[in-house]
Amino acid sequence: MKTISLEQELNPWEAQAARFDFAAEKLNLDVGIGKILRQPTREIIIHIPVAMDDGHIEVFTGFRVQHSIARGPAKGGVRYAPDVSLDEVRALASWMTWKCAVVNIPFGGAKGGVICDPSKLSHGELERITRRYTAELIEWFGPERDVPAPDLGTNEQTMAWMMDTYSVHMGYSTPSIVTGKPVGIGGSAGRREATGRGVSYLVNRAMDSIGLDANKATAVVQGFGNVGSIAAFSMAKHGVKIIAVSDAMGGIFNARGLDLWKLEQFANQNRTVAGFPEGEAITNDQLLATPCDILVPAALERQITEANAANIQCRILAEAANGPTTPKADEILDRRPDIFVIPDILCNAGGVIVSYFEWVQDLQSFFWGETEVVDKLFRILEGAFTQTLNLSRKQKISMRLAALSLGVSRVREAKQIRGLFP
Ligand code: NAD
C-alpha cells in the first residue's frame, strides 16, 4: 500500500490549523475561545461574470475570507492565480490575523482571491474582473471593515481599480479602502520596499542575537522579485555578501559574492537571473542546501519540507515568503538549535506595517516622507522582535511558537475583553 506522509495530507488550511492547535495547547487557551479563533469569522464565495475581449462571457470564482475583526478592520491581500482555493485563502487570512497581532497593529486578518491566470488575461479583462469582484463585495469592504492589498498576481494598478470602483459606489474618493496603491492616489512612500527592508532589519537583529558579524556573513536568497531583491540589496548595504540568488527559471552562485547592480540589470533585460554570466548556474534545490550564514526564502510557500530541512546549512533562516516552511520541516528545525528562525509572520510583517501607515495617512489626509515611514517601521519591528525573542528565551520555545503565541494571545485578549454578542 502506498504510504502518504502527514505533510502530503495537509492542505494549507489544515497546516495552519495544526500550528494553531499546537500554540493553543502551549498557551492553555480556553477551549471556547480556541473554537472562535480557529475558524474564520466570514467566508464569501462569488462567481463573477466577465465579458472577455473576444465577446464571449467567462465566469470566474472569487473568495474573500475575513478571519478576525477582533482588533480592528480585516486586512489582507487579494491573490489572482489559477490554483487559488478557499482553503488557501482561509489559511492566508488567519496568518494575517496573527501577523497583525504579533507586530501589534490595529487590524484583523483577511485574504481574497480569484481563480484566474493573470498572465493570460488582457489589461481590460483584468480591470473588468477586478471591478466586478470589488462591486460584488462592496458591502463587506470599507476602511473600517476590510481593507484589501495586492498579493500574488495583483499589483498597484489592481488596487487603483478597486479604490476607484469603491469610490464611485460611495460617491466620493476613498483612498483608505485599499493599501499598496500608487503614491499619486494616496499610496505611502516606502510601501514597495517595506517588506524587503523589514526582512533585512530583522536579519540584522538576529545577527546581533547570535553574535554574527555582517561583514563576515554570507546570504542566499530564493526569489528575486519585490521582497527578495530588496532584502538582498539591503543586506548587502549592511556588509553581507550575497552568494546565491534564484527565481522561477533557475539560480546563480558566486562564492566571491554577486554584483547585485549588474544582476538586477541582467534580470531586467532577461526577465530572470538564470544565465547571469558572473557565476555558476544552480538549481533551486541546490540553492536551498548551499552553505551560508543567512538563508532567505522569498518566493513561494512550502519550499523547506520534511525532505530537505535536514540539509539546510545556515545560521539564520529568514522567512520572507509566507509559509515557506511546512509543519513537518518545523519539527526538524526545532531539533536544530544551530539555526535561528525568523518566522514568516514576523519576518515579512514590514509590508503590512507600512500598509497600516498608508491607511493612517489616507484617513488623516496627511502624508509622511520616506524617512519618517522607515523610522516608524523599524521601531515597530524592533519591539516585535524583542518581545518574540524574550518570550522564546523565557519559555524555551521556538521563535515560531513564540511569535504565534504572542499573536494569538493578543487576539484572545481582545476577544475576552470585548465579550460575546449577544
Ligand atoms: P514577486 O512576484 O515580486 O517575486 C516572487 C519571486 O519568486 C520571483 O523572482 C519569482 O521568479 C520567484 N519564484 C517563483 N517561483 C519560484 C520557484 N519555484 N523557485 C524559486 N523562485 C521562484 O513576489 P513578492 O512580492 O516578492 O513576494 C514573495 C513572497 O513574499 C511571497 O510568498 C509573498 O506572499 C510574500 N510576501 C510579500 C509581501 C510584499 O509586500 N510583497 C509581503 C508579505 C509577504
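Me: At about what angle does helix 6 run to strand 5?
Reply: This is a predicted model. In it, helix 6 (residues 156-170) lies across strand 3 (74-81) and strand 5. Its direction relative to strand 5 is about 150°.

Me: Which strands stand at the edges of the open sheet of five strands?
Reply: The sheet has mixed pairing and the order 1-2-4-3-5. Each edge strand has a single partner strand, so one side of each is left without a neighbour in the sheet. Neighbouring strands here are turned by 25° against each other on average, direction ignored. The edge strands are strand 1 (42-51) and strand 5 (146-150).

Me: Within that sheet, which residue of strand 4 stands opposite Phe 63?
Reply: Strand 2 (residues 57-68) and strand 4 (residues 109-115) run antiparallel and are joined by six bridges. Opposite Phe 63, the residue in strand 4 is Gly 113.

Me: Is Val 178 buried or exposed, and with what relative accessible area?
Reply: Val 178 sits in the loop between helix 6 and helix 7 (191-210). It touches Val 147, Pro 148, Met 159, Met 162, Met 163, Glu 358 and Asp 362, leaving aside residues up to four places away in sequence. Buried means under 20% relative accessible area. Val 178 is therefore buried, at 1%.

Me: How many of the residues of helix 4 are buried?
Reply: Helix 4 (residues 86-102) reaches 24 Å from its first C-alpha to its last, close to the 24 Å expected at 1.5 Å a residue. After this helix comes Asn 104, with a positive phi near 60°. Helix 4 is largely enclosed by the rest of the structure, because the buried count is 16 of the 17 residues.

Me: Which residues of strand 10 are buried on each side?
Reply: In a regular strand the side chains alternate between the two faces of the sheet. Strand 10 (residues 294-297) is covered on both faces. One side has Ile 294 and Val 296, and the other has Leu 295 and Pro 297.

Me: What is the bridge partner of Gln 222 in strand 10?
Reply: Strand 10 pairs in the parallel sense with strand 6 (residues 218-222), over four bridges. It also pairs in the parallel sense with strand 11 (residues 316-318), over two bridges, where Leu 295 stands opposite Leu 317. For Gln 222, the bridge partner in strand 10 is Pro 297.

Me: Which residues touch the most other members of the largest nonpolar core?
Reply: This core has 83 residues. Its largest share, nine residues, comes from helix 15 (residues 399-418), and at least three residues come from each of domain 1 (41-174) and domain 2 (194-342). The residues that touch the most other members are Ile 294 and Ile 342.

Me: Where is Arg 302 found, and what is its phi near?
Reply: Most residues other than glycine have a negative phi, and most peptide bonds are trans. Arg 302 has a positive phi and is partly exposed, with a relative accessible area of 37%. It lies in the loop between strand 10 and strand 11, and its phi is near 55°.

Me: What is the relative accessible area of Asn 28?
Reply: Asn 28 is in the loop between helix 2 (12-26) and helix 3 (31-38). Its phi is positive, near 55°. A residue counts as exposed over 50%, so Asn 28 is exposed, with a relative accessible area of 68%.

Key
Residues numbered from 1 in each chain as written. Predicted model: local features only at pLDDT ≥ 70, side-chain atom pairs only at ≥ 80, totals over all residues. Heavy atoms only, no water. Expected span 1.5 Å × (residues − 1). Buried < 20%, exposed > 50% of the residue type's maximum accessible area, 1.4 Å probe, protein only. Pairing = 2+ DSSP bridges. Axes fitted to C-alpha atoms, helices over the stretch in contact; angles between N-to-C directions. Contact = heavy atoms within 4.5 Å. Core = buried A, V, L, I, M, F, W, Y, C linked by side-chain atoms within 4.5 Å. Domains from an automatic or database assignment.
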